[in-house]
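Colleague: I've got a structure open and I'm still new to this. Could you walk me through it, one question at a time?

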Amino acid sequence: MPDTLKVQKLEAPRGTKVHGYLHIMDRPSGKHEIPITLINGKRDGPTLVINGGEHGSEYNGPAGAIALMKKLRPEDISGKVIIVPMVNTLAFESKWMHGNPIDYRDLTGHYVEEVPRGGSGHPKVTYYLTSTFYREVLKQADYRINLHGGDIEEDLMTGTMYRQSGDAEKDRFNLSLCRAFGWEWIRESRPRPSSNPMKFPLSVGTEAGGMGRCQSDIVEEVIRGCVNVMKKLGMVEGEPVIPPKAYTYQPYHLYAEHGGFFISNVRAGDLVKEGQVLGIIKDLFGETLEEIKVPTDGVIHMVTSPSIWEGDVVYEIGKDIKEIV
Ligand SMILES: [Zn+2]
């Protein structure tokens, strides 16, 4: 493993921390660059990326990452840490949900190694962003903490998440990292067949608060969770401080059959029973168009906002809840 941690022209020799910018692309009025911090620990260990803000209107994760940029000291760390608190700065600047106001793409679904060529239309800033972030940052990492939360319109249950790979041993370890983060709820997605050859670091995702708010108590939990994962990975001294029990669940969505005004009877984190009416959709004359019933026992992972188009997601539900120790 090389001694110096390097991202583009930014270099952190062993035992140092440097702040700078990751250059993404040239924009019409100047450079598009995003803040990045490199922390090269005094001792050997894995390379961890902590990023927030793939979605720019989710705030508790980025606030935690910014605090970690200040807090983490190279002399306490075994390994290397790269922190990018707000990947999608264009969305952040514009209070934009999910995508960004330039090319409208949600970058989580647009990771590429090469920026696609051809055609006119919107600029391809999201592709430049994902390809640069992947090539310069994610590719050199062993592990990643990917800090998300609810966007401005989402009431979301706080917890961690990971996607299973199908490799049982790897998945067990990934779950143990989520468990180490220290939140009680762990969203467990099934393996997804993918033709994408890109190799991503083993990742702990977070869903930290929502509805466009940044709350100091949740930010503190994000900071503690990241340090817990670093403890689990042997990157800092000590054992993770976690609650005695946690619960895993499988996510699925409920979709609106009608457009209209959506009113929810439940909040994120509520436990629900099969057949329960979670909410209603009315037209703007007050007539009920639809009652939304939940088809399984479960927990409310996400509730969206009142303005609903036909086919919109109204809830994300967690089913098959299992207690783990
Ligand atoms: Zn997100």
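Colleague: What share of the 325 residues in the protein is buried?

Modeller: Keep in mind that this is a predicted model. A residue counts as buried if 20 or more other C-beta atoms lie within 10 Å of its own. Going through the 325 residues of the protein that way, the buried share comes to 43%.

Colleague: How many helices and strands does the protein have?

Modeller: Both kinds of element turn up here. The protein has 5 helices, and its strands number 19.

Colleague: Why can we call the protein as compact as a globular protein of that length?

Modeller: Start with the box: along the principal axes, the C-alpha atoms fill roughly 65 × 55 × 40 Å. Then take the globule rule, which gives 20 Å for 325 residues. The protein is as compact as a globular protein of that length because its radius of gyration is close to that value, at 20 Å.

Colleague: What percentage of the contacts with a separation of 6 or more is between residues 24 or more positions apart?

Modeller: Here you take the contacts in the protein with a separation of 6 or more, and ask how many join residues 24 or more positions apart. That share is 68%.

Colleague: Which residues touch the most other members of the largest nonpolar core?

Modeller: In soluble globular proteins, nonpolar side chains tend to be buried together. The largest nonpolar core here has 77 residues. Those touching the most other members are Leu48, Ile50 and Ile82.

Colleague: Which helix gives this core its largest share?

Modeller: The core draws at least three residues from each of domain 1 and domain 2. The largest share is 7 residues, and it comes from residues 216-232, helix H5.

Colleague: Which residues does Leu48 touch, leaving out those up to four places away in sequence?

Modeller: Leu48 is one of the residues that touch the most other core members. Its contacts include Ala141, Tyr143 and Ile145, and also Met230, Leu233 and Met235.

Colleague: How far apart are the C-alpha centres of domain 1 and domain 2?

Modeller: The domain assignment puts domain 1 at 5-243 and domain 2 at 253-324. Where they meet, 8 residues of domain 1 are in contact with 12 residues of domain 2. On the domain 1 side, those residues divide into 5 charged, 2 nonpolar and 1 polar. As for the C-alpha centres, they lie apart by 29 Å.

Colleague: Which strands stand at the edges of the open sheet of 4 strands?

Modeller: Strands of a sheet pair through backbone hydrogen bonds, either parallel or antiparallel. In this open sheet the pairing is antiparallel and the order is S16-S15-S13-S18. Two of the strands have a single partner each, so one side of each is left without a neighbour in the sheet: S16 (288-293) and S18 (307-308).

Colleague: How many bridges join S15 to S16?

Modeller: Let's walk across the sheet. S13 (residues 260-264) pairs with S18 over 2 bridges, and Phe261 has Ser307 in S18 as its bridge partner. S13 is also joined to S15 (residues 277-282) by 4 bridges, with Ile263 opposite Ile280. In S16, Glu290 is the bridge partner of Ile281, and the number of bridges joining S15 to S16 is 5.

Colleague: Which residue takes a positive phi near 95° in the hairpin of S15 and S16?

Modeller: That hairpin has 5 residues between its strands. The residue with the positive phi is Gly286.

Colleague: What is phi of Gln8 near?

Modeller: Gln8 sits in the loop between strand S1 (5-7) and strand S2 (10-12). With 15 other C-beta atoms within 10 Å, Gln8 is partly exposed. Its phi is positive although the residue is not glycine, near 50°.

Colleague: And what is phi of Met211 near?

Modeller: Look in the loop between strand S11 (202-207) and H5 for Met211. Met211 counts as partly exposed, having 17 C-beta neighbours inside 10 Å. Again the residue is other than glycine and the value is positive, near 55°.

Colleague: How far apart are the C-alpha atoms of Val112 and Arg43?

Modeller: Val112 is in the loop between helix H2 (89-94) and helix H3 (125-136). Beyond four places away in sequence, Val112 touches Tyr127, Thr130 and Ser131. Val112 and Arg43 are 69 residues apart along the chain, and their C-alpha atoms are separated by 33 Å.

Methods. Residues numbered from 1 in each chain as written. Predicted model: local features only at pLDDT ≥ 70, side-chain atom pairs only at ≥ 80, totals over all residues. Pairing = 2+ DSSP bridges. Rg over C-alpha atoms; globule rule 2.2 N^0.38 Å. Buried ≥ 20, exposed ≤ 12 C-beta atoms within 10 Å, placed from the backbone. Contact = placed C-beta atoms within 7 Å. Core = buried A, V, L, I, M, F, W, Y, C linked by C-beta atoms within 7 Å. Domains from an automatic or database assignment. Nonpolar A, V, L, I, M, F, W, Y, C, P; charged D, E, K, R; others polar.
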